Number of protein chains: 2
Amino acid sequence: MRVLLIHSDYLKYKTKNKTKIAEEIDDSKQEGAFEDSLVVFTAVEKEDEKNEEKVVKNFIEEVKSVHSDIKSETIVLYPYAHLSSSLSSPQIAIKILVNAEKALKEEGFNVYRVPFGWYKSFELSCKGHPLSELSRNISGNESEKSENDDE
Amino acid sequence: MRVLLIHSDYLKYKTKNKTKIAEEIDDSKQEGAFEDSLVVFTAVEKEDEKNEEKVVKNFIEEVKSVHSDIKSETIVLYPYAHLSSSLSSPQIAIKILVNAEKALKEEGFNVYRVPFGWYKSFELSCKGHPLSELSRNISGNESEKSENDDE
Ligand SMILES: [Mg+2]
């Protein structure tokens with residue numbers, strides 16, 4: 001799983017056309033707007049299919065760890081295929097994102113999941129402090145986590 | 001080289017702190033604002049060190065190809081380490097970006113290169129049409145190019 005975490009003053013999105021792997025959504029999810037958010041752009045990868053539960057666990061641990069540093073009001077999970085060239089099946093990707101959303105909600109976080117498989121317009125800001133842009137490789141393996149936080 | 005291409009209504013950036021690999025910049029480059037742009041987020045990778053010239057050539061061919069579809073006013077080259085976990089040396093990365101900028105300018109494109117190695121705040125929009133978000137793996141190899149344009 002490849003993840004890009006952005007601390008944002010604002011994120012807005014609007015769904016446009018469906019791709020062929022679009023999830024069905026309520027009208028309420030056709031657009032969204034968020035202030036002070038940790039936006040978690042996420043590409044679930046083929047390798048993650050081997051160990052979904054561990055991947056979800058390691059993913060939410062990482063999100064919580066970054067969130068504890070930046071303390072944003074909201075966490076936004078944003079599916080972003082463009083971060084990887086070795087994607088999982090759409091079914092597994094949605095399942096992992098849904099389960100991560102659920103787990104974070106159960107722990108009391110204010111979390112929102114952006115629809116999967118839609119073309120979307122968006123507007124985003126990045127605050128620019130050293131922790132406002134981070135990337136991670138997350139696997140189902142306990143110890144494997146790579147960081148790369150310099151430009 | 002890992003590349004993310006975004007067709008934007010606006011991009012604004014401001015340099016904040018230097019990282020230890022920051023390039024020296026003129027005051028004029030401390031911030032920038034662009035309308036209708038193809039923003040090319042770019043991570044130069046270790047593998048690209050083997051064949052810098054071919055990488056520059058393949059990179060600008062790809063940028064020109066996407067630009068010919070979307071026909072934005074401006075092309076903005078934006079260094080973005082977070083797209084890869086196997087980065088080249090900063091020296092090679094800057095060299096490749098500078099040479100790509102030069103080559104595109106010589107061909108008459110309106111191109112701008114965002115400073116390398118600085119923490120930056122930014123604001124970005126993505127138009128949301130199917131060609132407004134594309135990612136590419138670009139190598140020094142003639143035939144190797146991977147695309148991944150579905151969500
Ligand atoms: Mg796309």
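Contact here means heavy atoms within 4.5 Å. By this criterion, the contact between the two chains takes 39 residues from chain A and 39 residues from chain B. The structure is a predicted model, in which local features need pLDDT of at least 70, side-chain atom pairs count only at pLDDT 80 or more, and totals for chains, interfaces and linings use all residues. Residues are numbered from 1 along each chain as its sequence is written, chains are lettered from A and ligands numbered from 1 in the order in which they are written, and side-chain values use heavy atoms, with hydrogens and water left out.

Chain A and chain B bury about 3,400 Å² between them. Of this area, 46% lies on carbon and sulfur atoms. Buried area is the accessible area (1.4 Å probe) that two parts lose on being put together, summed over both. Between chain A and chain B, the count of salt bridges is zero. A salt bridge is a side-chain nitrogen of Lys or Arg within 4 Å of a carboxyl oxygen of Asp or Glu. Over all chains, the count by this rule comes to 18.

One of these bridges pairs A:K127 with A:D9. Their closest N and O atoms are 2.7 Å apart. The pair links distant parts of the chain, 118 residues apart. A:K127 is in the loop between β5 (118-126) and β6 (133-138) of chain A, and A:D9 is in strand β1 (residues 2-18) of chain A. Helices (H or I, at least four residues) and strands (E, at least two) are DSSP runs, numbered from the N terminus.

In chain A, the axes of helix α1 (residues 52-70) and helix α2 (residues 90-106) come within 10 Å and cross at roughly 50°. Axes are lines fitted to C-alpha atoms, for helices over the stretch in contact, and angles run from 0 to 180 degrees between N-to-C directions. α1(A) and α2(A) are therefore oblique to each other. Angles under 35 degrees count as roughly parallel, over 145 as roughly antiparallel, 65 to 115 as roughly perpendicular and the rest as oblique. The crossing of α1(A) and α2(A) is right-handed. Residues making the contact include A:F59 and A:I60 of α1(A), and A:I96 and A:L104 of α2(A).

In chain B, helix α1 (residues 52-70) and helix α2 (residues 90-106) pack at an angle of about 50°, with their axes 10 Å apart. That makes α1(B) oblique to α2(B). Their crossing is right-handed. Among the contact residues are B:F59 of α1(B) and B:L104 of α2(B).

Backbone angles were also examined. Most residues other than glycine have a negative phi. Phi of A:D36, in strand β2 (residues 31-43) of chain A, is positive, near 30°. A:K71 has a positive phi of about 55° and lies in the loop between α1 and β3 (74-79) of chain A.

Terms used: A crossing is left-handed if the near helix is turned anticlockwise from the far one by less than a right angle, and right-handed if clockwise.
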